[in-house]
Amino acid sequence: EDGIRDIGVTGVQTCALPIYPATRHGDFLVWTKAGVPSYQLACAVDDAALGVNRVVRGADLLESAALQQVLHRLLGHAPPQWCHAPIVRDAKGRRLAKRDGDEGLASLVRSGATPDRIRGLVATWLGLGPARALSPAALLQAADPPLVERGLRTLHARGGPVVDAAALAWMRGDDAAAATLARHAGGSAAP
């Protein structure tokens with residue numbers, strides 16, 4: 001297959017290769033001046049060595065998938081299945097990133113959010129059900145692939161998931177905030 005099959009941002013899409021190596025950015029680095037592998041090469045080699053067959057990450061890394069898929073093929077490895085999810089944003093639509101001073105997961109947990117509620121918020125965003133705390137096993141059980149794909153497409157159409165005051169309050173234990181989370185959900189199973 002000549003392309004990247006991505007089940008994330010806009011549903012299943014196939015991008016023709018080679019997209020970037022020569023046509024958009026010129027040749028890309030595989031080894032840095034510091035004498036270490038580039039991010040793209042390290043990802044491709046690590047994925048192959050660890051037997052990674054699915055990669056789920058932010059839509060901002062879709063271009064990396066094209067480069068990594070080229071490297072997988074050149075190295076004789078089967079590339080993983082890609083899923084690029086919409087970027088999480090704040091209530092004003094700004095992309096959330098630790099490099100910009102936004103809270104990371106560890107900071108959320110220190111401020112009272114629980115891992116089960118964080119997983120529950122992600123499940124609610126995907127439309128996998130009403131806001132509820134979810135163990136890892138419960139999230140895996142709820143994560144039916146067609147529902148997740150539909151949730152990702154809907155989230156993309158709505159501009160991505162949003163962490164606002166209601167989401168923060170719910171993750172930190174305020175059950176009353178669950179009613180306002182539905183507007184951010186990506187599927188039809190949300191409250």
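Guide: One term to begin with: buried means under 20% relative accessible area, exposed over 50%, and partly exposed in between, using a 1.4 Å probe and protein chains only. Also, this is a predicted model, where local features need pLDDT of at least 70, side-chain atom pairs count only at pLDDT 80 or more, and totals for chains, interfaces and linings use all residues. Residues are numbered from 1 along each chain as its sequence is written, and side-chain values use heavy atoms, with hydrogens and water left out.

Visitor: So is Cys-43 buried or exposed?

Guide: Cys-43 counts as buried, because its relative accessibility is 18%. Cys-83 is buried too, at 7%.

Visitor: How many disulfides are there?

Guide: The count is 0, taking a disulfide as a pair of cysteine sulfur atoms within 2.5 Å.

Visitor: Switching topic, what sits over the ring of Trp-170?

Guide: The charged end of Arg-117, 4.4 Å from the ring centre. The rule asks for NZ of Lys or CZ of Arg within 6 Å of the ring centre and within 35 degrees of the ring normal.

Visitor: And how much of the protein is buried?

Guide: Buried residues make up 42% of its 191 residues.

Visitor: What about the secondary structure?

Guide: The protein has 7 helices and 6 strands, taken as DSSP runs (H or I, at least four residues, for helices; E, at least two, for strands) and numbered from the N terminus. In order, the elements go β-β-α-β-α-β-β-α-α-α-α-β-α.
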